[in-house]
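Have a go at each one before reading on.

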Amino acid sequence: MDTKIIKIDPTSPEPQMIKAAARIIRKGGLVVFPTETVYGLGANAMNTEAVAKIFQVKGRPADNPLIVHVADPLDIIPLTKDIPSLAEKLIEEFWPGPLTLVLKKSALLPDIITGGLDTVAVRMPDNKIALDLIVEAGLPLVAPSANLSGKTSPTSLNHVVDDLFGKVDAIIDGGDMAIGLESTVVDVTLSPPVLLRPGGYSIEELERVVCPISIPTAIHADIGGSAARSPGMKYRHYAPEASLVLVEGEESNMTEKIQILAEEYAKRGIKVGILTTKKNRFYNAAHLNYIGRNPATVAKNLFRALRQLDSQGVEIIIAEGIEERGLGLAVMNRLRKASHEIVLV
Ligand code: TXA
Ligand code: MG
C-alpha cells in the first residue's frame, strides 16, 4: 500500500493538510496522528471495517479494546451511559490531557471497538493536530498506539515509519511526542475508581481531585516474560528486540550489580547496552543510553532509548529500576512488562 506522509505544523496545523487527512478517515482509511503521549493509529470509530483493519495491521488480539478519542468533553455523551460525577470532576480538571476514562458504553458504538465489553475507554488528547483532525472528520476516532502489537509505542515519526510504513494510508508527521508514554487509564464505573494503566498523569496528581483511586497489585507486579510467576501471565509487552534485564533495589547494590552483569555478558561476547539515569558514563560499557534523572524525563526518553539500543544491535539491555513515585510508577510498569528477567538486589 502507498503510505502518504503528511507533514503538519504542531503549533498551527495547516487547514488544507488536516482536511486531506480527515478525508482519508471519512473514506474508511487508516491515518497515524500525533497526540501528547504517543502516536496513534486512527480510524473512524463508527466504521466497523475500518476498525477491523486496525486490529489486522497491528496484529492485535481482538479482545484488547481500543480507546475512542474525542475533541470535546460533550462528545462522550452519545458514546457512553451513566457518567458518574467523579468522572465529570476528572474531565473538568484533566482534559484535554493524558487521562483515559473507562465508562459504560452506549449502544451506538460498534462492538468490535470494545471486544464485546459493556464499557468503553474515552479520552481527549492535548494535541492541536489530533483535535483539529477529529473536528474536521466530524467523528470520534479510535486509536491504539501506532506500533506493531507487542512493540514499544512510537514517540517520533521514524518509529512509526519503521513499524507501519506501507501498511496504512497516511502518517501525519507531527514531530516528537511531549510525554512519550501512554495515557493513564482509570475505570470510573467502579467506586472507588480503579487504575488500569499508569501513564502520563501520575496517581498523585489525579488523587488531588478524586481520592482514593485503587491500584491493583498487578500494576506493580512483574508480569513480563520468564520473570512471570504464573504461566498465564507470560505476556511480554512494550518489548525491545533485545532481551531486557531489569535490576531493582537499593541504589548502590543496583549499580554494582549492573556493572558486574555488564562485564559478565561482555566477556561472553554478548553485545550489552545499559539504560541509565546516571550521567557522565557512570558505567563502563560500550552502549550506554542516558535517559535523564527525574521520572518525567525518564518517561519521555524510555521508548526512544529502547528502540535506539535495538538499532545498535544490542542483544541484552540492562535497565536500572527507578522509584515508583510520580511518573516512576508508569515507567516501572512498562519496564517490568518488557523484561525477560528481574534481578532484585
Ligand atoms: O496515550 C494513549 O492512550 C495512546 C494514544 C494514541 O491515545 N493510545 C493507547 O492505546 O495507548 P492502546 O490501544 O495502545 O492502549 C489502550 C489501553 C489498553 O491497555 C486497553 O486494554 C485499555 O486501554 N482499554 C481500552 N478500552 C478498555 C475498556 N473498555 N476496559 C478496560 N480497558 C480498556
Ligand atoms: Mg499500545
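**Exercise 1: the sheet**

In S15, Ile-316 is the bridge partner of Ser-243. Work out which strands these bridges join and how they run.

Solution. Start with the strands, which are DSSP runs of E of at least two residues, numbered from the N terminus (helices are runs of H or I, at least four). Strand S12 (residues 243-248) and strand S15 (residues 316-320) run parallel, joined by five bridges; two strands pair if DSSP finds at least two bridges between them. Next, zoom out: the order S14-S13-S15-S12-S16 makes an open sheet of five strands with parallel pairing. Strand S14 (287-290) and strand S16 (341-344) are the edges, each pairing on one side only.

A quick word on the model: it's predicted, local features need pLDDT of at least 70, side-chain atom pairs count only at pLDDT 80 or more, and totals for chains, interfaces and linings use all residues. Residues are numbered from 1 along each chain as its sequence is written, chains are lettered from A and ligands numbered from 1 in the order written, and side-chain values use heavy atoms, without hydrogens and water.

**Exercise 2: the ligand**

Find which strand gives the most to the shell around ligand 1.

Solution. First, the shell: 23 residues surround ligand 1, with Thr-37, Arg-60, Asn-64, His-69 and Ser-183 the closest (near means a heavy atom within 4 Å). Then check the strands: S7 gives the most, four residues. Finally, look at polar contacts (N or O pairs within 3.5 Å): an oxygen atom of ligand 1 sits 2.9 Å from a side-chain N or O atom of Arg-123.

Notes:
A polar contact is a pair of N or O atoms within 3.5 Å; within protein, one must be able to donate a hydrogen and the other to accept it, and residues adjacent in sequence count only if both atoms are side-chain atoms.
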